[in-house]
Amino acid sequence: MSEYHVPALLNETIDGLNIRPDGVYVDVTFGGGGHSKEILNHLGKNGKLLGFDQDEAAYNNRLDDERFIFVRSNFRYITNFLKYHGIEKVDGVLADLGVSSHHFDSADRGFSFRFDGNLDMRMNKKSTLSAEQIINTYPEEKLANLFYNYGELNNSRKLASAIVKARSQNKITTINELLEILQPFFRFEREKKDLAKAFQAIRIEVNNEMGTLKELLTQIPDLLNPGGRLAVITYHSLEDRLVKNFIRSGNMEGKIEKDFYGNVQTPLKAINNKPIIPTDEEVTTNPRARSAKLRVAEKVSERK
């Protein structure tokens with residue numbers, strides 16, 4: 001299982017969830033099952049864990065445990081599937097938003113620029129939108145906005161222009177073809193970092209990652225029991241900002257609202273004001289954890 005994906009911040013996440021042995025928990029990003037397996041280790045015989053993943057490869061990692069239910073779906077549908085399984089409230093939700101090592105290391109999935117392969121990047125292979133479609137059909141301005149907003153690349157307009165010019169000659173279908181177009185716009189010393197940002201931007205768009213995260217967060221307050229915990233691991237500033245804002249204010253913009261007495265009106269309270277990051281030791285053994293940030297929040301009791 002560890003070959004599929006090494007879970008980041010494992011002990012810190014389990015501590016953050018503050019697991020009750022008889023509680024109900026949800027791992028919305030099951031992947032290789034590393035976090036889920038550890039959650040089960042902390043649950044008693046009456047505890048329950050649901051693992052969500054839309055990728056068919058993750059289904060093969062499902063755990064053989066009567067306390068575990070695998071849900072092959074995007075986590076945006078968490079409320080519907082919990083109701084389907086007769087669950088109204090849960091005691092903890094975990095989201096590890098990173099792309100699994102399995103995806104990065106599979107050339108045919110197209111997530112990494114380290115290998116040539118088809119421009120795909122779909123987490124769910126049944127999805128209709130692929131990286132190839134985006135690169136070949138998006139208008140120039142939409143491509144530029146994508147690279148700027150999701151990749152935080154200042155030369156986004158030049159990248160978009162180059163792609164549109166190249167695709168007018170030949171359809172762009174492979175990773176190497178896209179690399180040939182993008183590489184001239186990145187300085188050698190920053191090439192890998194900037195290419196990673198460009199691929200990140202395309203991947204976020206393919207999988208609607210920001211939209212699905214917003215949908216997940218808005219459902220959390222109604223799903224958690226009072227005292228229940230939300231633990232989210234992010235890997236780039238866009239996700240972290242959303243999670244931070246929602247925990248702090250109950251909305252995506254971070255707009256603070258107070259009641260008549262000056263109390264902040266938010267359903268969650270932060271357990272850690274600053275994000276928890278991996279130790280140097282963890283980064284050494286699992287380099288892909290280096291950009292991980294964990295935020296934990298608790299559902300506050302309803303005021304009477």
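Helices (H or I, at least four residues) and strands (E, at least two) are DSSP runs, numbered from the N terminus. The structure is a predicted model, in which local features need pLDDT of at least 70 and side-chain atom pairs count only at pLDDT 80 or more, whereas totals for chains, interfaces and linings use all residues. Residues are numbered from 1 along each chain as its sequence is written, and side-chain values use heavy atoms, with hydrogens and water left out.

An open sheet is formed by seven strands in the order β3-β2-β1-β4-β5-β7-β6, with mixed pairing; two strands pair if DSSP finds at least two bridges between them. The edge strands, each of which pairs on one side only, are β3 (68–71) and β6 (268–270). On average, neighbouring strands of the sheet are turned by 20° against each other, direction ignored. Strands β1 (residues 24–27) and β4 (residues 90–96) run parallel and are joined by three bridges; Tyr25 has Gly92 as its bridge partner in β4.

Helix α11 (residues 209–223) packs on the sheet and touches β4, β5 (224–234) and β7 (293–299), contact meaning heavy atoms within 4.5 Å. The direction of α11 makes about 155° with that of β5; axes are lines fitted to C-alpha atoms, for helices over the stretch in contact, and angles run from 0 to 180 degrees between N-to-C directions. Helix α12 (residues 237–249) lies across β5, β6 and β7 and runs at about 20° to β7.

Glu239 is located in helix α12. This residue is buried but has no salt bridge, the nearest side chain of opposite charge being that of Arg203, 5.0 Å away. Here, buried means under 20% relative accessible area, exposed over 50% and partly exposed in between (1.4 Å probe, protein chains only). A salt bridge is a side-chain nitrogen of Lys or Arg within 4 Å of a carboxyl oxygen of Asp or Glu; Lys and Arg count as positive and Asp and Glu as negative, while His and the chain ends are not counted. The side chain of Glu239 reaches the backbone nitrogen of Tyr235 at 3.3 Å.

Arg295 is found in strand β7 and counts as buried because its relative accessibility is 7%. Its side chain makes a polar contact with the side chain of Asp240 at 2.7 Å. A polar contact is a pair of N or O atoms within 3.5 Å; within protein, one must be able to donate a hydrogen and the other to accept it, and residues adjacent in sequence count only if both atoms are side-chain atoms.
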